[in-house]
Amino acid sequence: MTSDAILLFTVIPLFGSFVTLVEKAVPSLKVAKPAALASFFLSVLLLGLYGEGIYGGAVYSKVVGGWPRGIGIGQELDGIAWVALALVYLIYLPVLLYSFSEGGYDSRFYFFLLLLQGGMAGIVLAYDVFNLFVFLEITGIAAYVLIGYQKKDRALFAGFKYLMLSSLGITLFLLGVFLLYRDTGSLTYTDLRTWALEGMAPAKPVTALAWISTPFALATLLAGIGVRTAFLPYTWLPDAHGFAPHPISASLSGVVIKISFMVVWKLIVLLELSEARQFLLWMGSAIALIGVLRALTQTDVKVLLAWHSVSQMGYIFAGFGAGTEMATVGSLYHMVSHAFFKALLFLSVGTVILFTGERSLVKVSGLGRSFPYLAVLFAIGALSIMGVPPFVGYVSKSLIFEGLKNHSIPYWLLFAASVGTVASFTKLSLLFRGSPMVAGKSTEDSARPRGSFQRVEPTDTPSGLDTRPALQTRPFKSGYLGMSLLAVFCVLGGLLGTYGIQLFSTIALHGSAVSMGPAISVGTATLYGSALPNEAAASAFQESMQLTHGVTFLWLNGKEYLKTIVTLLLGYGVYRFIVSKKGKEVQAWANRLRISFDNQLVLLLVGLILLAVFLAIQY
Amino acid sequence: MIALLLISLLFLVSLGGMILSKNLIRKVMALNMLNSAVIILFIFFGSLKGTHAPILVGGETDIVDPIPQALMLTAIVVGICVTALALAFIYRLYDRYGTTELPEIEHQVHQNDQ
């Protein structure tokens with residue numbers, strides 16, 4: 001494959017988005033959906049064509065217009081970028097299918113959806129921090145609009161809050177870009193790495209201030225992306241992901257936050273910021289628990305799921321932060337597995353909202369009998385996030401826990417988060433079990449409450465017959481197809497977990513080994529960072545994860561099963577507590593704790609300072 | 001030095017404005033100013049060496065660093081897009097909540113929770 005074609009990963013969706021504008025101008029031309037599908041299939045085809053080369057360890061780079069590297073706009077496709085793109089497309093198809101089924105989306109929606117796809121491709125392919133800035137903004141703008149698209153409930157305000165927070169973050173990022181440019185005179189990843197290896201000296205006039213200047217520059221850079229990735233203030237995420245249209249929630253939680261984390265990953269490894277990894281380890285395990293605790297008190301089904309995205313991202317940060325091979329691979333695989341099951345959960349719970357018109361757990365329950373297939377899909381997602389074998393979440397969580405063995409506090413924080421996750425999803429599964437109820441009214445004849453509301457209930461049916469609230473059922477074929485795809489991913493990703501880990505880590509490892517340029521012989525830096533300084537250690541690790549070992553570790557490991565059972569039992573205990581009277585009082589108290597928007601901005605700055613302090617320790 | 005001081009002042013004032021002011025439009029304006037502060041800083045730094053505009057057609061020498069200018073042109077465009085989008089959001093929010101005051105909107109949003 002020629003390197004020139006890597007530009008197409010961004011060009012195809014951007015071109016597709018212009019095609020959708022044709023439908024906007026001439027509404028009789030129905031081109032928006034075909035354009036979205038076509039650009040998806042073309043991108044997948046392209047990714048497939050590069051697959052073999054990437055697997056063989058090749059790296060493709062291209063600078064537009066024949067400028068020298070470092071001056072022109074360039075892109076680079078390496079192993080980890082390939083994995084990231086594969087993740088984007090795996091989630092993109094179910095999301096598209098679901099949007100077709102849900103209906104009510106016009107050409108503008110597909111315009112921004114394609115812009116989102118193009119922006120994400122640009123983020124992973126960028127090879128200098130300024131292009132990264134531009135594509136982060138493209139992705140961001142598409143995301144803000146899509147969140148507020150339906151203008152329902154809190155969506156508009158959530159979109160606005162996200163916009164303000166992440167714009168403040170990205171302005172800090174731009175400040176970081178400036179500081180780096182001042183210190184290095186270049187912005188490409190390769191040059192930044194050279195600078196990092198040479199001791200990160202700042203430019204002349206501030207040499208004496210190096211202890212503060214360099215950590216601050218790096219902290220602004222990471223904080224800027226940190227807002228998007230939700231590890232600095234994660235407070236915007238629940239509203240934004242919870243109130244977005246269902247397919248958008250799925251793609252935001254599934255891929256958008258992970259794509260920006262891959263950038264954080266790349267930067268931290270490139271610049272060898274081991275203290276930033278420490279920061280992520282502690283931050284990650286803390287927010288894993290905070291996210292779950294907040295999720296437990298929610299009654300809004302999608303906000304509950306969104307808090308779990310915060311929490312699951314915590315696992316990913318902690319795994320990467322721990323820095324051991326196991327945990328790092330686990331973190332990579334958890335990005336994939338979280339994308340699968342969280343997209344599935346958002347879509348299936350979204351379908352419930354679509355059919356019943358209700359989004360509160362207090363008002364809907366027991367839909368399992370009316371929608372058995374939907375209940376199965378939800379169950380697959382829920383069991384995956386709980387980490388029950390043989391689903392995909394079990395594989396990635398086992399790896400992360402195994403890798404965290406030497407960090408006892410983060411380990412137990414994450415264990416507590418797992419217990420909370422089980423409790424929270426036992427609670428959410430009330431949607432499908434228990435006594436059937438829609439819109440606060442029972443749909444079971446015997447259990448139908450006698451009372452005044454039944455008489456005032458307007459009904460078209462003859463009196464004395466059916467007064468059940470209508471479940472809105474409608475053809476939903478492609479929506480179910482999309483969700484089934486995700487469910488299949490969840491099951492296969494679990495059953496073939498050992499192959500999956502092998503494949504993903506090999507690709508990410510291979511491709512990236514060369515990408516830092518011949519001047520830097522750090523081997524496997526991009527995937528593992530300094531934990532694995534050379535190819536020999538990397539291949540030793542690859543061997544230790546060989547199929548036999550992997551199978552023994554994952555499927556014939558009594559301790560892992562025991563841990564899962566203990567987690568499930570404890571989780572059920574917590575669930576019993578939160579549905580008890582005492583538990584409800586605690587929840588009501590917790591729900592009064594809110595962080596106002598202004599304080600969220602302050603939180604971002606506090607996070608920035610904290611990160612700078614962490615980095616200053618290393619420096 | 002005086003330029004750097006003024007830029008820092010602009011940066012801090014707009015950061016303060018973004019956090020302290022209660023009106024959404026003011027917040028967006030402060031964000032825009034913050035963005036401008038960074039852009040001016042970048043351009044100022046690029047202009048330190050050299051005296052002429054980097055237009056190479058006439059064989060100019062002693063030019064300023066062209067890269068910051070090229071980068072900031074892009075950053076300005078991005079900044080405008082974000083500001084415009086934020087203002088559009090405020091318009092919609094005003095339609096819905098009848099105010100552009102942040103505490104009032106937060107109050108209304110949370111009231112719907114109960």
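Among the contacts in chain B between residues at least 6 apart in sequence, 44% join residues at least 24 apart, where two residues are in contact if their C-beta atoms, placed from the backbone, lie within 7 Å. In chain A, residues 24 or more positions apart account for 79% of the contacts with a separation of 6 or more. The structure is a predicted model, in which local features need a pLDDT of at least 70 and side-chain atom pairs count only at pLDDT 80 or more, while totals for chains, interfaces and linings use all residues. Residues are numbered from 1 along each chain as its sequence is written, and chains are lettered from A and ligands numbered from 1 in the order in which they are written. The model scores ipTM 0.94 and pTM 0.88; for chain B the pLDDT, the predictor's confidence in each residue on a scale from 0 to 100, averages 88, with 98% of the residues scoring at least 70.

Chain B has four helices and zero strands, helices being DSSP runs of H or I with at least four residues and strands runs of E with at least two, both numbered from the N terminus. The order of its elements from the N terminus is accordingly α-α-α-α.

At the interface, 26 residues of chain B are in contact with 26 residues of chain A. The elements giving two or more residues to this side of chain B are α1 (2-20), α2 (24-46), α3 (66-97) and α4 (102-111) of chain B, and α3(B) gives the most, with twelve residues. By class, the side of chain B that touches chain A has 20 nonpolar, two polar and four charged residues, where Ala, Val, Leu, Ile, Met, Phe, Trp, Tyr, Cys and Pro count as nonpolar, Asp, Glu, Lys and Arg as charged, and the others, Gly among them, as polar.

Chain A contains 25 helices and four strands, and 58% of its 619 residues count as buried. Strand β1 (residues 60-63) of chain A pairs with β2(A) in the antiparallel sense over four bridges, pairing being assigned if DSSP finds at least two bridges between two strands. Within this pair, A:Y60 stands opposite A:L77 in β2(A). Strand β2 (residues 74-77) of chain A is covered on both faces, with A:G74 and A:E76 buried on one side and A:Q75 and A:L77 buried on the other.

Leaving aside residues up to four places away in sequence, A:L146 touches A:F112, A:L113, A:L116, A:A244 and A:I248.

A:L96, found in helix α3 (residues 79-102) of chain A, counts as buried because it has 21 C-beta neighbours inside 10 Å. With residues up to four places away in sequence again not counted, A:L96 touches A:A36, A:L37 and A:F40. A:L96 and A:S331 are 235 residues apart in sequence and 27 Å apart in space, C-alpha to C-alpha.

Definitions and conventions
A residue is buried if 20 or more other C-beta atoms lie within 10 Å of its own, exposed if 12 or fewer, and partly exposed in between; C-beta atoms are placed from the backbone.
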